[in-house]
Amino acid sequence: MPTVLLINGYRFHFYAKDMNEPCHIHVSKGSGYAKIWMEPTVEPAYFYKFKPQEQKVIMDLIKEHEREIKIKWNEYFSK
């Protein structure tokens, strides 16, 4: 599972088995994890054990790095 970004302890990554799903990113830190859809719009699929303020930080980071995440997704899954 390749790491795309590592920012302030938040690990943004893909799972190889996700190749047949629309573009998205997984986020983990400590016991918290999340899945965020990148298409058609950036929106959470779910958050688990992240406080609301952490969820906002995660969403802000994803929006800030949206282009880079999509490029990495396409490179990794050869789309």
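Trainee: What makes strand E2 and strand E3 a pair?

Mentor: This is a predicted model, where local features need pLDDT of at least 70, side-chain atom pairs count only at pLDDT 80 or more, and totals for chains, interfaces and linings use all residues. Residues are numbered from 1 along each chain as its sequence is written, and side-chain values use heavy atoms, without hydrogens and water. Strands are DSSP runs of at least two residues, numbered from the N terminus. Two strands pair if DSSP finds at least two bridges between them. E2 (residues 10–13) and E3 (residues 24–29) have three bridges, so they pair, antiparallel. Arg11 has Ser28 in E3 as its bridge partner.

Trainee: How many bridges join E3 to strand E4?

Mentor: Six, and these strands run antiparallel. His26 has Lys35 in E4 as its bridge partner. In the hairpin of E3 and E4, two residues lie between the strands, and Gly30 takes a positive phi near 60°.

Trainee: Why does His65 count as buried?

Mentor: Buried means under 20% relative accessible area, exposed over 50%, partly exposed in between (1.4 Å probe, protein chains only). His65 has 18% relative accessibility, so His65 is buried. His65 lies in the loop between helix H1 (52–64) and helix H2 (66–77). Leaving aside neighbours within four places in sequence, His65 is in contact (heavy atoms within 4.5 Å) with Leu5 and Ile7.

Trainee: Why is Tyr46 called partly exposed?

Mentor: Tyr46 has a relative accessible area of 36%, so the in-between class applies. Tyr46 is in strand E5 (residues 43–48).

Methods: Helix = DSSP H or I, 4+ residues; strand = E, 2+ residues; numbered from the N terminus.
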